[in-house]
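Hi everyone, thanks for coming. Let me put the structure up so that we can walk through it together.

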Amino acid sequence: MEKTKPRWIAIIIALLVFTGAGLSRISFNVDILKLLPTHLPQVKGLSLFLKHFSQPKELIVTVEAPTSELAESTADALADAFSKHPDLVQRAVARAPWEKRPADLSELLAFLVLNQPPEKIRALVNSLSPEQADATLKSSVEKLGESISPQEVALLSYDPYNVAGALGDLGSFAGTAQQSEFSSADGTFRVLYVVSAHNFPNYKAAIAWVNQIKQIAHATVTDSAIHLGFTGEPAFVADISGSMEWDMTSSGFVTLLVIALIFYLCYRRARPLMELQAMLVLIFTLSLAAAGLFLSQLTVIGVGCAAIMIGLSVDYGYFVYQRSLHHRGTVGELQRQCVQNIAWTSGTTAAVFFALNFSSLPGLSQLGNLVGIGVVFGAIVMLTIYARLTMRFHRSQEGRPPSIIERLFVTPGFWRKGAILTAVIVFFLLGVLAVKGLPQPDFSARTLRPRKSEAYVALDRLYARLTDDRDMLSLVVAGKDEAEVLKRLRLAENSLSAAEARGEVKSFRTALPLWPAVGNQRANLPLLAPLAKEIPRLRERAVAAGFKDEAFVLDEAIFQQWAAWANVPTPLWPTNDTSRWIFRRVASHEGDQLLALGMVTPMPGHEDALTAAVQSEGTWLVSWNQLGRELRHVIPCEFGHVIMALSAIVILLLIIAFRSIRAVALFVLTTALVLACLAGAMSLLGMGWNFFNLAALLLLLGTGTDYSILLLLAMKRNGGDAPAAQRELGLVICLCAFSASAGFGTISWANHIGLASLGQTCALGLVLDALISLFLLPRVWAWIHPHARAVEEMPR
Amino acid sequence: MRSLLPFLCLFCAWPALAAEPLDMTPVKKWLAKQEDLHSVQADFTQTRALRALRSPIATPGHMWFGMPDSLRWELGEPAKTIVIRKGDTYYLIQPARKRAERYKADSIAKKGGAMGFAMINFPIAKDFADFNRQFETLSVTVTDDHCHLEILPRDAQAKKMLQAIKFDFDTTTGHLLSFEMATRDGSSMRSDFTNVRMNQKIDRHVFDYDFTGYEVVDGKN
């Protein structure tokens, strides 16, 4: 005792440190792409897109009002209100930066012209020469008098030397000029971009910041006719992480409650129940701490594992408790009796789940690691601590009569009726499967999103009122430097032009006009920089041609910008706030990798061909819809391979455990029947296969099979006496199945659609597995083993 | 690219408009007269007073309109810019560049691109109800047989750019005398019509154009 006490104290301290360190590192990753295979082109392209172009600090606030004037004034008022909180908001932008500071645009225009081919620049410089300047101005005045395009008139009014003319056809700009990222066409829908003053260290900080912004917004806008929406990266993190946290804690809590209820109904014992609950909390905490320490961030699948871990770990607790009821020996003897069964079941389960690391799906690997860790902790805790506690309890409670449910499970009539009912259910579900066929696959983006999310609602409104780009494809072009990206952009532009000519593309826009052409910059700067010295002459000629002084301001600023760049090393990028705003969704040039973005509107039905035609090294054509299509092709194969591999592992382990081909064949038959009935039930309920509930098959393979393994081991232990095995394990397996189903059932109501479908599928599958294993498997065993049937018919 | 949007908004400023009860009778009569309209031909002088220029630019032009949807609008002598409408298609033609842009009438209307063509939309409304649906009336002033009408489109995009659209018409004959678009930066485009001939036969070939040798592209509206 003197020696063990310090040892226990040391163990407890170590566990506390381990738990504290692990739990403090828990964080969520709401990026659905983290669940998917990184080798898929769509995943790779979308990941790059999100890494470089998502705005993690930018909240999008939408304003919908009955009139455009009210929407505009509300947006301005909100921007002012946010700007009064510099501790929270770095900037709040309600209208294009150039509306306030049009002069800032001179830098962008100077940059765009600088990238043009040198022959165009030579022509431009020539048009500004003392001999040509008057003719250039005369041409501009004529165009101002004759152009029917207000855009051209507006531009030429402030660009008398037609410097922008070097950029080519102005008509192409007119279309995009109608679009706005700040206002709908009718002006009743406005958008503000609110950037946080700080980075978010974790999801809780994002939630707190979004809530503060919402409070300010609702305090500023009191008119009930005005509807506000909040979306963008921080809103999604707040919404999804918040719901993930809630799903995780609520499903874990409800599972514990259901387990408590089931246990109490069966055994009518309060103390072992409390102890079992304490063990489950301990296992859950330890597993979560291990996940925090050893895994990076928890994804949405990992969140679902909390309830599953509890549902699985309790199996070992039930088993230990059931065996302890009739055990009269020492704790060590009980542990030795239980270890074989628990080792085989937890071993196969953990092996199956850890083997998911061989999958190319990171989401599945995380699921496997989390459940594997939980199962190992569950087995250790139940064998080492709970066995000791149950024995102590039974010693003080000897002679207590069994409960009604315990007595029910030893009644032969219960097993007969159960077998008939199960057979009816099985035939019915197989009939449904024959008539309705297999469940339909659904790999659309729908299953990747939460059921309820304010951020998604606001985003949908944004799509409906501003620009709906969901049918568009994003062109992502990456490279190690500007020249490489430019080369790839030109290739992509050529491919897209060819596709447009073939009728596969409705329209497209690449970042090519905005991307720096380093060679052109080097060749053009020596021609353009000296123009700054000509400013007095050029201004004088413009005034003489009929322009006011103010008409020359833009051109003057452009000439000065070229002079300022004369001694700056190329490649040159525009750097002022207005330029950064424009480039933030088009080009990324900070860091090791450079990226350019474009948008392509495909003709319906040509998406796959177009994606294949444009895709090349460093170039992707991606969209969430396209990702769904790719997953539909890849995921079933991937899961097929993983399931085959895991089945092989399980069968190999069972051959070692059973040393009987018949037993293994029975196991395979049972599992196949369970899967067929599950497919029938899913078809009946109108459920489809998706990325998440395909993972349910793996869970079933790892957990549901425990029931048949336990039954087969018990029958082997009882010399082939199936009813004896049923009496021994019937109640335990029922408890396990109901508890695990409760665990999965609680995530059926999860906010995440995919996660909920995983819960529903698993709960259904486990119930079917338990029914078939408990009621039909022993019957088939007895039928193929005549000796066993004889044992059953013997009087008891 | 969208990056050039700001250059196009240099004229923008914000309005402070007040509405007063107006006697719309002359407008109703004018629009009613247009219901009997089959064709119009006229010469005009377009005067552009731009904020960036020290003095206005005057350019002569001609127009032909045939019900329901045929139009030819020429600006300059010889014509530097020609707009032809046939059915639901507009052609913006630049003879000097041997280039034409093709636009669908409904897409122009939908995307606010009608701004450029607004000066030549004729008649401006089918009836008074249509007129009220499209425009907000700012003022109506009648002097003898001359009415001066100022309106503003209800379209939010157009409203941002425009301060007023002004018409002068003869209350007796219904002839349009002048048409002016005033933008919010203080610039204006005014067309003064002369030699107006209503409901006279127009050679249908006026609305045709020989595009041989032209580059005809779909306008990006």
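I'll start with how to read the model, then go through the sheet, some backbone details and the cores.

This is a predicted model, so to speak of local features we ask for pLDDT of at least 70, and side-chain atom pairs count only at pLDDT 80 or more, while totals for chains, interfaces and linings use all residues. Residues are numbered from 1 along each chain as its sequence is written, chains are lettered from A and ligands numbered from 1 in the order in which they are written, and side-chain values use heavy atoms, with hydrogens and water left out.

Let's begin with chain B. Its 12 strands make an open sheet of mixed pairing, in the order 7-8-9-10-11-1-2-3-4-5-6-12. Strands here are DSSP runs of E, at least two residues, and helices are runs of H or I, at least four residues, both numbered from the N terminus; two strands pair if DSSP finds at least two bridges between them. Strands 7 and 12 of chain B are the edges: each has a single partner strand, so one side of each has no neighbour in the sheet.

For one pair in detail, take strand 5 (residues 89-94) and strand 6 (residues 99-104) of chain B, which run antiparallel and are joined by six bridges. B:Tyr91 sits opposite B:Arg102 of strand 6.

Now the backbone. As a reminder, most residues other than glycine have a negative phi, and most peptide bonds are trans. Where do we find cis bonds? One runs from B:Met67 to B:Pro68, with omega near 0°, and B:Pro68 lies in the loop between strand 2 (57-66) and strand 3 (70-75) of chain B. Another joins B:Glu77 and B:Pro78, with B:Pro78 in the loop between strand 3 and strand 4 (81-86) of chain B.

As for positive phi, B:Asp144 has a value near 50° and B:Asn199 one of about 55°. Are they buried or exposed? B:Asp144 is exposed at 74% relative accessibility, whereas B:Asn199 is partly exposed at 40%. Buried means under 20% relative accessible area, exposed over 50%, and partly exposed in between, using a 1.4 Å probe and protein chains only.

Finally, the cores. A nonpolar core is a set of buried Ala, Val, Leu, Ile, Met, Phe, Trp, Tyr and Cys residues joined through side-chain atoms within 4.5 Å. The largest has 133 residues, and those touching the most other members are A:Tyr318, A:Met382, A:Phe639, A:Leu712 and A:Phe744. Helix 27 (residues 691-717) of chain A gives this core its largest share, 18 residues. A second, separate core has 113 residues, including A:Ala65 and A:Leu475.
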